[in-house]
Every structure is written in C-alpha cells, then in structure tokens.
Amino acid sequence: MFSANQKPTAQQKDTVRNTEATGKFCWNLATWDLREAVSATAEQTEYGVDEFERAGLAKTDSKLNEVSVNGEIRKIPMVRDSPVKFECEYYTTLRLPGNSPVGSVDVVIGKVVGIHIDERVLTDGKIDIQKTVPIARCGYFEYAKVTEVFEMKVPGLSEVIMAGLEGNVKKIQAITIAENGDGKVETKD
C-alpha cells in the first residue's frame, strides 16, 4: 500500500496513474538514509519525468513484474538502496477527499507477489527495524525516524492465530500437526 496526494490540478500523481494503467507497482521502504530522495520524489513535476534520476536514486529491476510501455516490455524499477522492497499487483485505489485538490489522497492497495530483503538488515531471520531505520510521515511536514521497537502481543490469542499474524506458515502447520495430526487448520464458527 502507498498513498499519494493529488496535484494542485486535481490530477493523480504519476505513480498512481502508472500503477492503475499497468496493474503493477513496487514498494520500497523509506529509510533515514534515503530521506532526502524521498522528499525529492514528492516534487510536483511533469508527467514522464524520471523521479529516480531527479532524486539521484540508483535503480534495480524487479524480478517478477514486467509492464508494457509503448509496446516495449520493461521491468519495474525498484530503489536499489532500499533494504526492503515489495513487488505488487494492483488491487484498488481509494480516494480520500480533502479540502483542496492537494489535500485529496489516493491510497493504492496491492497484493505482494515478491519480497526482496537485504540480508544485512536481518537478525535471527527477521527484519531488524533498528538496522533499517524507517521513516514515516506523521502529517504536516513532520516525519518520524524509527530507532526503537518493542513487542506487544494481543492477549488471549491462540498460538495458531499469533503465527498467522506473523505470516509464519511453517509454525502454523507444526502447531496444527501437533494438535490434530494432519496439518489442516480447523476453523470454528
């Protein structure tokens, strides 16, 4: 998922237009080290301006996603120096109205079909947030730099549900095999 404010002319930003036209996009983790480039890519430019080039970002090609541009098949570029990248298939766009065209936001939702993680940001097989130092827009012109994390589990959840929230399919299967011997998750209405 990503979001993009509309242009002052009430037009969608290029990334939204391209995503809706091709049905594919790549999401790149915005990090502290990439903060200046993140800001540069938000600049209002004419359609077709290469934001990677304008922001001084190095590209790497997607591995799974290809799109047709003027009859030519191309890989979708990803930010080479982002430690976490997702290749996505477009699902839908949700337009949130604002008080002005620029205040209106397109929230683009997709299905992740490929994940690329730099092994240097892993600790015990999990993404280590303190190694990635992501940034998040908070509103106005304010951003947050994430340098500290804590764990907080929802009370009362079963091990299977907690493993599901982590996306840990192997753990779910191990638990269900131990519980009922066949590895199938039982659902109760």
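This is a predicted model: local features need pLDDT of at least 70, side-chain atom pairs count only at pLDDT 80 or more; totals for chains, interfaces and linings use all residues.

Student: Why is R17 called partly exposed?

Tutor: Buried requires under 20% and exposed requires over 50%, with partly exposed in between. The 35% of R17 falls in that middle range, so R17 counts as partly exposed. The residue belongs to helix α1, which covers residues 14-22.

Student: What makes R17 and Y47 a case of a charge over a ring?

Tutor: The distance part of the criterion asks for CZ of Arg within 6 Å of the ring centre. R17 is at 3.8 Å from the ring centre of Y47 and lies over its face. Along the sequence R17 and Y47 are 30 residues apart, while their C-alpha atoms are 9.6 Å apart in space.

Student: Which residue lies over the face of W32?

Tutor: K145 does, at 4.1 Å from the ring centre. For Lys the atom that counts is NZ, and the limit is again 6 Å.

Student: How many aromatic pairs does the structure hold?

Tutor: It holds 2 aromatic pairs. One of them is formed by F2 and F25, with ring centres 5.2 Å apart and planes at 70°.

Student: Why is the pair of F2 and F25 called edge-to-face?

Tutor: Two rings pair if their centres lie within 6.5 Å, and planes over 60 degrees apart count as edge-to-face. The values for F2 and F25 are 5.2 Å and 70°, so the pair is edge-to-face. It links distant parts of the chain: F2 is in strand β1 (residues 2-5) and F25 in strand β2 (residues 24-28), 23 residues apart. Both F2 and F25 are buried.

Student: Why is V133 called buried?

Tutor: Its relative accessibility is 17%. Buried means under 20%, so V133 counts as buried at that value. V133 is placed in the loop between α4 and β9 (135-139). Its phi is positive, about 50°, although V133 is not a glycine.

Student: And D124, buried or exposed?

Tutor: D124 is exposed, because its relative accessible area is 78% and the limit for exposed is over 50%. It sits in the loop between β7 (122-123) and β8. D124 also has a positive phi, about 55°, without being a glycine.

Student: What is the relative accessible area of V112?

Tutor: The value is 37%. V112 lies in strand β6 (residues 105-117).

Student: What makes up the lining of the largest cavity by class?

Tutor: There are no nonpolar, 3 polar and 5 charged residues. Asp, Glu and Lys are among the types that count as charged.

Student: How much space lies in the second largest pocket?

Tutor: About 690 Å³. It is lined by 19 residues, and the closest to its centre are K126, I127, E151, L165 and E166. By class the lining has 10 nonpolar, 2 polar and 7 charged residues.

Student: Which elements supply the lining of the second largest pocket?

Tutor: β8 (126-127), α4 (129-132) and α5 (159-166) each supply at least two residues. The most comes from α5, with 4 residues.

Student: How do you know which domains contribute to the lining of the second largest pocket?

Tutor: The domain assignment gives domain 1 (2-145) and domain 2 (154-181). The lining draws at least three residues from each of them. The C-alpha centres of domain 1 and domain 2 lie 32 Å apart.

Student: What does the protein chain look like overall?

Tutor: The chain has 6 helices and 10 strands. Its C-alpha trace spans about 60 × 40 × 35 Å along the principal axes. Of the 189 residues, 26% are buried.

Note on methods:
Residues are numbered from 1 along each chain as its sequence is written. Side-chain values use heavy atoms; hydrogens and water are left out. On a 1 Å grid over the protein atoms alone, a cavity is a set of points where a 1.4 Å probe fits but cannot get out, and a pocket is an open set with protein on both sides within 12 Å along at least five of seven lines; lining residues have an atom within 4 Å of a point. Grid points are joined across faces, edges and corners, and a volume is the space filled by probe spheres set on the points. Domain bounds come from an automatic or database domain assignment. Rings of Phe, Tyr and Trp (its six-membered ring) pair if their centres lie within 6.5 Å; planes under 30 degrees apart count as stacked, over 60 as edge-to-face and the rest as tilted. Buried means under 20% relative accessible area, exposed over 50%, partly exposed in between (1.4 Å probe, protein chains only). A charge sits over a ring if NZ of Lys or CZ of Arg is within 6 Å of the ring centre and within 35 degrees of the ring normal.
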